[in-house]
Amino acid sequence: MKSIIEEIYLNKQCEEDTEETENYRKIHKEVEEVIERIKILLPQAQKEQINKLYNLMCSLGNERGLYAYKQGFKEGVLIAFETFNS
């Protein structure tokens, strides 16, 4: 693991899974349904490309989330530092 911040973000500090919101589950289900409807219309080679695109977009979202989490963590530390130095 690269950093403790990433371990915390990826929930490596405890055994419990991070709870997903109802809205997250709803959107995730909708995305999967749309992907499945598209795949029905496509030949196998294009289905594989849709799967690859989906996986890449998920990875991209994960990277964006990790970056935002790290930035928020850093800002929180700076706020704490400023508070204790005032």
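This is a predicted model: local features need pLDDT of at least 70, side-chain atom pairs count only at pLDDT 80 or more; totals for chains, interfaces and linings use all residues.

User: Where do Tyr69 and Phe73 lie?

Analyst: Both lie in helix α3, which covers residues 44-84. They are 4 residues apart, about one turn of the helix.

User: How many aromatic pairs does a search of the whole structure find?

Analyst: The search turns up 1 aromatic pair. It is made by Tyr69 and Phe73, whose ring centres are 6.3 Å apart with planes at 40 degrees, so the pair counts as tilted.

User: Switching topic, what is the secondary structure of the protein?

Analyst: It has 3 helices and 0 strands, running α-α-α from the N terminus on.

User: How do α2 and α3 cross?

Analyst: The axes of α2 (residues 22-40) and α3 come within 10 Å and cross at roughly 160 degrees. The two helices are therefore roughly antiparallel to each other, and the crossing is right-handed.

User: Which residues meet there?

Analyst: From α2, residues including Val31, Ile35 and Ile38 take part, and on the α3 side they include Ile50 and Tyr54.

User: Last one: what share of the protein's residues is buried?

Analyst: Buried residues make up 7% of the 86. The protein exposes about 7700 Å², with carbon and sulfur atoms supplying 57% of that.

Key
Residues are numbered from 1 along each chain as its sequence is written. Side-chain values use heavy atoms; hydrogens and water are left out. Rings of Phe, Tyr and Trp (its six-membered ring) pair if their centres lie within 6.5 Å; planes under 30 degrees apart count as stacked, over 60 as edge-to-face and the rest as tilted. Buried means under 20% relative accessible area, exposed over 50%, partly exposed in between (1.4 Å probe, protein chains only). Accessible areas come from the Shrake-Rupley method with a 1.4 Å probe; for residues, only the protein chains shown count as cover. Axes are lines fitted to C-alpha atoms, for helices over the stretch in contact, and angles run from 0 to 180 degrees between N-to-C directions. Angles under 35 degrees count as roughly parallel, over 145 as roughly antiparallel, 65 to 115 as roughly perpendicular and the rest as oblique. A crossing is left-handed if the near helix is turned anticlockwise from the far one by less than a right angle, and right-handed if clockwise. Contact means heavy atoms within 4.5 Å.
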